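Please read it beside the sequence and the model.

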Amino acid sequence: MALDEGKDVKGGHDAREYDHQGPFRHVGTRPDRPDGVDKVTGRAHFGADAYAPGMLHAAILRSPHAHARILKIDTSRAEALEGVKAVVTRADFAEGLEGEDWNILENIMAGEKALYDGHAVAAVAATSKFIARDALALIEVEYEILPHVTDVDEAMQPGAPVIREGAAEPGLPEGMHPNVVRYHESGHGDVEAGFAEADLVIQRHFATEATHQGYIEPHACLAQMGPDGRGDLWCTTQGHWNVQKLCASLLGVEASAIRVTASEIGGGFGGKTTVFIEPVAMALARKSGRPVKLVMSREEVFRASGPTSSASMDVRIGMKKDGTMTAAEGTFRLQGGAFPYAPMEFTAMCAFACYDLKHVRQRGFDVMTNRPKQAAYRAPGSPMAAFAVESVVDELCQKLGLDPIEVRLKNAAREGTRASYGPTYPRIGLVETLEAARAHPHYSAPLGPNQGRGIACGFWFNYGGETSVTLALSMDGTVQIAVGTPDIGGSRASMALMAAEELGIPYEDIRVTIADTASLGFNEISHGSRVTYASGLAVIKAARDAKRKLIARAADKWGIDPEAVEWRDGAAWPAGDNAGSFEPLTIREICAEMGATGGPIAGHYEATPEGAGVSFATHIVDAELDPETGKVTILRYTVVQDAGKAVHPSYVEGQFQGGAAQGIGWALNEEYIYGEDGRLQNPGFLDYRIPVASDLPMIDTVIVEVPNPGHPYGVRGVGETSICPPLAAVANAVSNAAGVRLRQLPMRPARILEALEAQTDGEG
Amino acid sequence: MQYLKPASFEEAVAMAGEAHGDVRFLAGGTDLLVRMRMGAVPDVLIDLKHIPGVYDIERTENGGWRIGVAVPGAELTEHAGLRADWPGVVEAVGLIGSTQVQGRATPVGNLANASPAADSVPALIAAGAEVEVLGPGGRRRVAVGDIPAGPGRTRLAQGEVISALYLPPRAAHGGDAYQRFIPRTEMDIAVVGCAVSLSRDGNVITEARVALGAMAPTALMVEEAASALVGTTLGEEALEALSEAASAAGRPIDDKRGTAKFRRHVAGVLARRVALVAYERAGDAK
Ligand SMILES: Cc1cc2nc3c(=O)[nH]c(=O)nc-3n(C[C@H](O)[C@H](O)[C@H](O)COP(=O)(O)OP(=O)(O)OC[C@H]3O[C@@H](n4cnc5c(N)ncnc54)[C@H](O)[C@@H]3O)c2cc1C
């Protein structure tokens, strides 16, 4: 979900779209995904698979310093190198930008200062990759090295190096360091009064490190810009309209000057919702007059794309002996690199969203450091909040001798609960996930020595956003759907299933294409778990629009009112005896004659759906600890999540499993490691440890279906909520196995050993 | 870059002698090609894989083994004779990378790459393995432990190539084992690696060699650890002494992969575990 300031996060209570409760013929089945064959045979084109005649190769020069004033850049020797066709620096981009556009420009090409290790300072396009790389070595940059800071708490201390003077927004508490740029506070009730009612109040400090989405496909694009000022861009992205908007703004051209086509995507998880290299490739293409290809190396991806925020958090919760939570309070400090908009308000707002609390207060601080500009990562901000809150809940349950699921059930948010972040919940499914978890055999399975079980819940808002879909009927009655949301998780299959359901035709008769920016109305990014919800809703509405038109043709032909015609099993039928007696007209028959009966038929839908239903999950995990080495093995994992309605259950399960796998990595071994010099120590998959297949058990899934009132079939987005509980669930499991609480992530072996040692020392 | 395909080791040595700039021998390429992709392209690449015999695994006259320099991990781990004689060496080689990497990666490449954390090297040292080195100065046999000089550096002279790997005959009632510590289950680099090779007379250990990886700039033999075992039946006292000697060995560093303190601790834990496995194996052996 993007940080679109000023946009309301809707709970979905204002929408009443839910009109089809089944039974379903197609929705809920598991056909193969339409893009499957291309992907397993290598025919699918990913970002780096685009080529053009006369294409140049580009490379980017990056700052080796965490913080440095750029005194001088001399590109003359690079420009003189044979084969070099263009060199760009900040001077080749638009001036006078403001707000987030300026931030993004500042991130993709440094201005007066290099703000982090890996920050781009210049770029070259040449006739080969090797020449481009050689040319980088010929660019002379004179730096004045400045003191740097990469830790969120240190960046808030008096005396910390100032990243950018004057970046703070209004509304900050007094006396804040200039690196603190935004503040959020929300909640209701009187927390101190609430804590006074508690039998036990626990307050703890937590910290999480920045992680990377770890998508396997690096950022890649091919840019073209002709002498007429019109250009084309092919790239791997979660949202090509956003790429178009940002490139146009950063290059100082109109949006329509750049047509953007999204390639197949090799993973994004939020990290491909913005631009890093695309405007640079466009600027090089404009300057050289040639197509320019730019592909990031893995090292560049780690150093200069958008990892998550790291966080420092304090959480305090009060509980009665019977498990009733009386009050909760949290402070969440997030650094998002050398730029504003770390998603601290989401951290704050999600923190206590699972609970029905009379007294609750949350604060967030957005802090700048000398790190790359954070980007979204699956439910941005929420997983760390759940880690802190669910750890304290677990500790309270332990100290009071209460069952962790019973306590959560006792306090769970339900329909009508006033959410910790403001709105009143419509129909939601948290209780159902807890009940399903309690009933699952995993929850009562016996544990062996050095093993522990962890439970945690998680919450995500989900999102709607601008959506535009066209559903075109072919002369033979087959269907071609153009959507504007890149398929990041099997969504083409879900779109086809929903259209098949509405039109009553086979799944195989439908082809779903991701249209380019010149072929469809504006579409928001594939983020906020919005695609199956919003593009799905749009497909259903476009199909209904097409159905209306098909019915009109039949009515015309029969000479009766359209109201007297109904659509069933892929054909128009007279609605009843009064309508007259006609043979049904199939979609194929109507389409075969469409040219002569009124012209081509297509269904459309353009809107901004606002009924994305919020989503909850409960995870159960068993971990085993090797107490001699501190190594953790995840033995068993079960995800229980509310999907509203699972359109394609296999891909819903895939989302559940993927979020759990990424969360396990975040909890155990993934982290950005910075040296004293402010340089990233582990920009590669050898030392940035995402879990490999053998690190994980088969992740079990349970799909709960509590319909979302904001979608015709009750669909809720499922892509993000699955990463909210795992940090906490794994930490609870490991803490229970170790007999000591782990409150800092990642729980790498040495850290666990230290905690065990500290505990022994404490006892001894 | 020039790519050369000699038909004999003598020709390889001659090619290396005539070449200018950065000269590299190519075995499986799982270190070299990765480095080339990162920009470190040598001036001359001499591919050893077309020399007759480089894929052979043979019994030597004294009952040991001669292993060709291109034999990949996958071939070694499927070789019944080697598995029976040197299960520790085989399991160490088998830990390198993944199934795909195993199809190419060689133990000699692992050795000549000279990473302090190379998995097969401690096992080869504990086994008493040697390599045959051919160079402008002729042919010599060198103990595996004498090849690495420090991270990325070997004691091979300019133009010298390793032409074969030799494992000694397995002593009666002998067994070896290797384990490493990594935070994940595979595709990772050893934070500490430990190999033990020993022989038994009944329950008593008569000979032992203990080697550690990633505890110093090169893999090292730990004499104190070995002497803690000899003459014992691997009781708690011996294990404790072994563990202490392993923890005290080398001069580990603090880095992104682990602190020196953690490495010392884990070296002690692994030494115990590995000695127990080697002892078991030696007991089962003929
Ligand atoms: C994905 C991946 C995972 C890996 N995992 C591990 C692991 O778990 N443990 C581990 O220890 N290593 C690991 N490695 C590193 C590598 O696979 C090993 O070091 C491997 O044994 C190298 O063997 P090779 O035959 O591929 O060597 P090459 O890459 O061909 O050569 C390596 C070096 O040795 C030199 N060389 C090769 N043969 C000779 C010779 N006959 N004479 C003189 N010099 C020679 C080369 O010039 C080069 O400098 C991994 C590598 C990858 C890519």
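A:E395 is buried, at a relative accessible area of 4%; buried means under 20% relative accessible area, exposed over 50%, and partly exposed in between (1.4 Å probe, protein chains only). A:E395 forms a salt bridge with A:R743, with the closest N and O atoms 3.1 Å apart. A salt bridge here is a side-chain nitrogen of Lys or Arg within 4 Å of a carboxyl oxygen of Asp or Glu. A:R743 is partly exposed, with a relative accessible area of 25%.

This is a predicted model: local features need pLDDT of at least 70, side-chain atom pairs count only at pLDDT 80 or more, and totals for chains, interfaces and linings use all residues. Residues are numbered from 1 along each chain as its sequence is written, chains are lettered from A and ligands numbered from 1 in the order in which they are written, and side-chain values use heavy atoms, with hydrogens and water left out.

**Salt bridges**

- Over all chains, the structure holds 69 salt bridges.
- The A:E395 and A:R743 pair links distant parts of the chain, 348 residues apart. A:E395 sits in helix α11 (residues 382-400) of chain A. A:R743 sits in the loop between α19 (726-738) and α20 (749-763) of chain A.
- Helices (H or I, at least four residues) and strands (E, at least two) are DSSP runs, numbered from the N terminus.
- A:R548 forms a salt bridge with A:D545, and the closest N and O atoms are 3.4 Å apart. Both lie in helix α16 (residues 531-558) of chain A; being three residues apart, they are separated by about one helical turn.
- A:R548 counts as exposed, at 53% relative accessibility. A:D545 counts as buried, at 13%.
- A:D677 forms a salt bridge with A:R679, at 3.9 Å between the closest N and O atoms. A:D677 is partly exposed, with a relative accessible area of 38%. A:R679 is also partly exposed, with 32%.
- One network, joined by salt bridges that share partners, contains A:R33, A:D35, A:K39, A:E264, A:D487 and A:R492.

**Interface of chain B and chain A**

- The contact takes 17 residues from chain B and 21 residues from chain A. Contact means heavy atoms within 4.5 Å.
- About 1,900 Å² is buried between the two chains, and carbon and sulfur atoms give 51% of it. Buried area is the accessible area (1.4 Å probe) that two parts lose on being put together, summed over both.
- In chain B, B:P183, B:R184 and B:K256 lose the most area to chain A. Together they account for 34% of what that side buries.
- The rule finds six salt bridges across this interface. B:K261 forms a salt bridge with A:E757, with the closest N and O atoms 3.0 Å apart.
- Helix α11 (residues 260-284) of chain B gives the most to the side of chain B that touches chain A, with five residues.
- The rule also finds 14 residue pairs in polar contact across the interface, both at pLDDT 80 or more. A polar contact is a pair of N or O atoms within 3.5 Å; within protein, one must be able to donate a hydrogen and the other to accept it, and residues adjacent in sequence count only if both atoms are side-chain atoms.

**A:R689**

- A:R689 lies in the loop between α18 (649-668) and β26 (699-704) of chain A. At 6% relative accessibility, A:R689 counts as buried.
- The side chains of A:R689 and B:D188 are joined by a polar contact of 2.7 Å. Another, of 3.4 Å, joins the side chains of A:R689 and A:D687.
- Residues up to four places away in sequence aside, A:R689 touches A:N669, A:E670, B:P183, B:R184, B:D188, B:I189 and B:R257.

**Helix α12 of chain A**

- Helix α12 (residues 404-411) is mostly covered, with six of its eight residues buried. These are A:P404, A:I405, A:V407, A:R408, A:L409 and A:N411.
- At the start of α12(A), a side-chain oxygen of A:D403 reaches to within 2.9 Å of the backbone nitrogen of A:I405.

**Chain B overall**

- Chain B has 11 helices and 14 strands.
- The C-alpha trace of chain B spans about 55 × 45 × 35 Å along its principal axes.
- Of the 286 residues of chain B, 54% count as buried.
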